[in-house]
Amino acid sequence: MNRRMRSLHRSMGAAIALFVLLLSITGIFLNHSSDLKLDKHYLTWPWLLKHYGVSNVQADAVYLLDQSVISQFGTEIFVDAKPVTHAQRPLLGGVVLDEMIVLATDDALILLNSEGEFIERMGAAAGVPPMIQNIGLFHGAPVIQTREGMWRSDFMLDKWEAISLQGIGWSLSSPMPDSIQKQLVKYFHGEGVTVEHVLLDVHNGRILGAAGVWLLDLVGVLLTILSLTGIWMWLRRIG
């Protein structure tokens with residue numbers, strides 16, 4: 001019986017030695033986190049950012065208008081990686097008109113200047129036809145497609161006439177450019193994941209999610225059993 005107990009004791013000791021070593025190392029670093037400024041150092045390894053869900057941001061809509069990238073995240077409208085205004089309705093497209101960017105939702109036109117700064121929002125009260133489905137250009141003039149047909153205006157956007165034309169350059173969605181994607185990731189998620197955050201998650205097992213917490217609990221149980229069997233064998237030896 002004593003031989004079996006020693007064998008079980010050694011087996012459990014070998015099984016948890018790696019975990020104990022990992023807990024000890026991360027515990028030492030976390031104990032000196034302030035001195036080492038671990039909350040000021042960031043890790044940007046792609047696989048780690050992906051694990052934490054900060055390696056990507058998914059826009060609801062993306063449109064490339066000349067040199068500007070227009071995107072929508074929820075109700076927020078971005079020009080490149082800069083938030084400029086809000087829209088409660090989904091963005092359907094946009095065009096560049098002279099020195100102005102004109103964006104369309106189903107119930108309004110959103111006007112930005114060439115620097116991407118908000119100018120105004122024009123809806124039905126400003127004479128814009130309702131139920132917009134798309135926006136485009138025909139020989140430089142803005143055209144919108146609605147459920148009731150097509151309408152054309154001039155650069156003032158104050159008068160609209162019903163038309164039936166072919167060859168309109170409709171606004172189409174585009175993939176997000178990688179350079180803007182990286183800037184948006186930084187905008188939404190910051191510089192990356194701090195060393196302190198990663199060490200803490202390794203230390204408490206949360207680096208592996210819920211399974212990691214249960215695994216650490218199992219290690220705790222094994223450590224308890226290991227301690228008890230060690231005490232039992234010691235008492236047997238001196239008894």
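**View 1. Leu-112 and its bridge partner.** In this predicted model, Leu-112 has Phe-118 of strand E9 as its bridge partner. Strand E8 covers residues 109-113, and four bridges link E8 with E9 in the antiparallel sense.

**View 2. The open sheet E6-E7-E8-E9.** Here you can follow four strands, which lie in the order E6-E7-E8-E9 and form an open sheet with antiparallel pairing. Look at the edges: strand E6 (93-97) and strand E9 (118-122) each have a single partner strand, so one side of each has no neighbour in the sheet. On average, neighbouring strands of this sheet are turned by 20° against each other, with direction ignored.

**View 3. Ser-71 in strand E3.** Now move to strand E3, made of residues 68-73, where you will find Ser-71. Is Ser-71 buried or exposed? Ser-71 counts as buried because its relative accessibility is 0%, and the cut-off for buried is under 20%. Setting aside neighbours within four places in sequence, Ser-71 is in contact with several residues, among them Ala-59, Val-62, Ile-77, Phe-78, Met-176 and Leu-184.

**View 4. Stepping back to the protein.** Of the 239 residues, 36% are buried, as Ser-71 is. The accessible surface comes to about 14,700 Å², and 58% of it belongs to carbon and sulfur atoms.

Methods
Residues are numbered from 1 along each chain as its sequence is written. This is a predicted model: local features need pLDDT of at least 70, side-chain atom pairs count only at pLDDT 80 or more; totals for chains, interfaces and linings use all residues. Side-chain values use heavy atoms; hydrogens and water are left out. Two strands pair if DSSP finds at least two bridges between them. Helices (H or I, at least four residues) and strands (E, at least two) are DSSP runs, numbered from the N terminus. Axes are lines fitted to C-alpha atoms, for helices over the stretch in contact, and angles run from 0 to 180 degrees between N-to-C directions. Buried means under 20% relative accessible area, exposed over 50%, partly exposed in between (1.4 Å probe, protein chains only). Contact means heavy atoms within 4.5 Å. Accessible areas come from the Shrake-Rupley method with a 1.4 Å probe; for residues, only the protein chains shown count as cover.
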